[in-house]
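Please consult the sequence and the model while reading.

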Amino acid sequence: MGLEKLTIFERLTIGYVAMMVLVLFLGAYATLKLNRINRITLNIDRIDDATIRMAEQLSDRLFSQIGFGKKFLVSADRDFYLQFKENEKVIKKDISKLSELLDTPQKIVIFGEIENLYYQFTAMFDEAINRLRREEGTQGRMRQIEWDKAADRINIKLRALIQISRSERNRKLSESGRISEQVLKVTGITAGLIILMGIVISYVNTRSIDRPVLLLQNKTKEIAKGRFGEISNISSPPEIKELADHFNIMCRRLKELEEMKVDFISHVSHELRTPLTAIKEASSMLLEGVYAGNAEKEHDLLMITQEECERLIDSVNRILDLSRMEARMMTFHFKECRLEPLIRKAVGMLDPIARNKRIRVDLELSRNLPAVHIDEIRVQQVFENIIGNALKFASENDALTISASFQSEGEKFVQVAVTDTGPGIPVKDLGKIFDKFQRIENSIETVRGTGLGLSIAKHIISSHKGRIWVESREGAGSTFYFTLPVLSA
């Protein structure tokens with residue numbers, strides 16, 4: 001999916017989610033590493049430092065015990081013997097505690113040697129005491145030398161254990177420092193990525209929004225100056241793209257309205273100018289007495305004046321009616337009535353036009369059409385507009401068919417169709433046939449109108465909650481349909 005297909009919300013969401021993922025990753029990573037450092041620190045304190053302290057303490061106690069032993073062997077003072085044994089108890093307890101601190105195979109091996117050497121040392125002391133009592137001084141001194149060597153071996157092992165513990169402590173401190181450096185490095189990189197991502201997201205979103213907005217702003221200024229240019233190939237989020245599409249629709253509509261305004265002025269000026277000119281000329285001729293004494297000619301001039309006044313009033317009334325309908329100010333007087341009489345009345349009123357052009361009008365009305373709730377005068381106006389329109393564009397010897405039928409599928413309604421065999425409506429004009437001031441230009445010469453009849457018909461049918469549409473094929477005639485709902489009893 002391309003970036004231009006993402007909405008502003010989706011873009012911001014993706015960007016913020018990405019930054020939140022980085023933040024969560026950083027938090028999780030830092031937490032894990034800090035926990036690791038904490039475990040290493042605790043391990044150093046509880047294992048390595050405690051092992052070093054305990055081994056040093058054992059070494060001191062061992063030297064103290066050796067001193068008491070030597071003093072006893074020299075002086076045979078029982079107090080020194082008791083001190084020796086007391087130290088032995090304490091050392092054995094310390095050895096037992098030290099066994100709980102061993103965390104590597106190497107330490108365990110050395111500890112086993114220390115433990116064995118110490119028990120050998122105490123056994124040698126006990127044996128030395130017994131032999132000292134039986135043997136001569138030289139042999140006693142030889143035993144003391146062996147005893148000192150055993151004690152030295154224990155101290156060597158203790159120092160080895162201390163050295164290993166210190167090495168382990170240093171290694172763990174190095175590991176802790178390395179982890180701290182990694183945390184700082186990852187934190188710095190992640191923070192940089194988050195900042196960079198925030199800048200990129202802000203730039204991309206701002207850029208993708210700012211450019212089309214500025215373009216819309218400039219196009220709006222052009223519209224204010226009367227230039228209705230459209231925006232093309234705009235790359236932006238879907239919301240702004242949709243706004244631009246609606247903006248283009250508005251431009252096209254404004255352009256159409258501008259053209260309709262010009263057309264309306266042209267139509268209205270023509271519609272008003274012709275009757276006003278005829279009225280002016282007829283009244284001038286009457287005032288000047290051109291046909292003074294000729295009652296028949298004067299009567300003809302008065303008839304022309306009357307007809308043109310009616311034509312002028314009819315044009316003005318159509319414009320006023322449409323304006324009231326568009327403003328929803330038109331008052332409708334609904335009552336229950338049947339359509340067949342209205343259809344026949346409209347056909348009767350327009351029959352002279354049909355006869356004059358030798359157009360055959362056929363009625364195909366279903367029997368027992370249900371009554372509808374309508375404004376009789378306005379629906380009559382719809383019939384006159386649609387049938388009159390068909391007759392106006394029909395050629396001599398064409399046919400016109402008016403049908404009405406009851407439809408009961410889904411909602412119940414009466415459908416009326418007016419079908420002609422005229423020139424049809426071009427495809428390009430079908431979408432705007434019901435717009436005001438629209439006239440279909442073709443090769444057939446017709447009396448120009450205001451282009452309001454079908455627009456008025458559409459407003460009337462819509463006010464009756466019905467529907468109106470047209471089906472046509474150029475060169476093969478047209479069929480205008482409209483429906484009027486049947487009220488349920």
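## The sheet and its surroundings

Strand β6 (residues 468–472) pairs with β7 in the antiparallel sense, over five bridges. The model discussed here is a predicted one. Within this pairing, valine 470 stands opposite phenylalanine 480 of β7. The two strands β6 and β7 form a hairpin with five residues between them, and glycine 475 in the turn has a positive phi of about 90 degrees.

Strand β7 also pairs with β5 (residues 413–420), again in the antiparallel sense, over eight bridges. Two positions illustrate this pairing: alanine 417 has tyrosine 481 of β7 as its bridge partner, and threonine 419 stands opposite threonine 479 of β7. In general, strands of a sheet pair through backbone hydrogen bonds, either parallel or antiparallel.

These strands belong to an open sheet of five strands in the order β2-β4-β5-β7-β6, with mixed pairing. Strands β2 (360–365) and β6 stand at the edges; each has a single partner strand, so one side of each is left without a neighbour in the sheet. From one strand to the next, the twist averages 15 degrees.

Is strand β7 largely enclosed or open? Seven of the eight residues of β7 (residues 478–485) are buried, so the strand is largely enclosed by the rest of the structure. Helix α7 lies across β2, β4, β5 and β7 and runs at about 175 degrees to β2, while α10 lies across β6 and β7 and runs at about 25 degrees to β7.

## Nonpolar cores

The largest nonpolar core has 44 residues, and those with the most contacts inside it are Leu339, Phe383, Ile387 and Phe482. Among the elements that give two or more residues to this core are α7 (339–356), α8 (376–393), β4 (399–407) and α10 (453–463). Phenylalanine 383 touches several residues beyond its sequence neighbours, including Leu339, Leu342, Val416 and Phe482. A second, separate core of 32 residues includes Phe68, Phe72, Phe125 and Ile162. In soluble globular proteins, nonpolar side chains tend to be buried together.

## Selected residues

The table lists the relative accessible areas of four residues.

| Residue | Relative accessible area | Class |
|---|---|---|
| Glutamate 146 | 36% | partly exposed |
| Serine 59 | 14% | buried |
| Cysteine 309 | 30% | partly exposed |
| Cysteine 337 | 12% | buried |

Serine 59 counts as buried because its value of 14% falls under the cut-off of 20%. This serine 59 lies in helix α1 (residues 8–75) and touches Asn155 and Leu158, leaving aside residues up to four places away in sequence. Glutamate 146 is found in helix α4 (residues 137–224). Glutamate 146 and phenylalanine 125 are 21 residues apart in sequence and 9.9 Å apart in space, C-alpha to C-alpha.

How many disulfides are counted? The count comes to zero disulfides. A disulfide is a covalent bond between the sulfur atoms of two cysteines.

## The protein as a whole

The protein contains 10 helices and seven strands. Of its 489 residues, 37% count as buried. Its accessible surface comes to about 29,100 Å², of which 55% belongs to carbon and sulfur atoms. Among contacts between residues at least 6 apart in sequence, 74% join residues at least 24 apart.

Note on methods. Residues numbered from 1 in each chain as written. Predicted model: local features only at pLDDT ≥ 70, side-chain atom pairs only at ≥ 80, totals over all residues. Heavy atoms only, no water. Helix = DSSP H or I, 4+ residues; strand = E, 2+ residues; numbered from the N terminus. Buried < 20%, exposed > 50% of the residue type's maximum accessible area, 1.4 Å probe, protein only. Contact = heavy atoms within 4.5 Å. Areas by Shrake-Rupley, 256 points an atom, 1.4 Å probe, with all protein chains shown as cover. Pairing = 2+ DSSP bridges. Disulfide = S-S within 2.5 Å. Core = buried A, V, L, I, M, F, W, Y, C linked by side-chain atoms within 4.5 Å. Axes fitted to C-alpha atoms, helices over the stretch in contact; angles between N-to-C directions.
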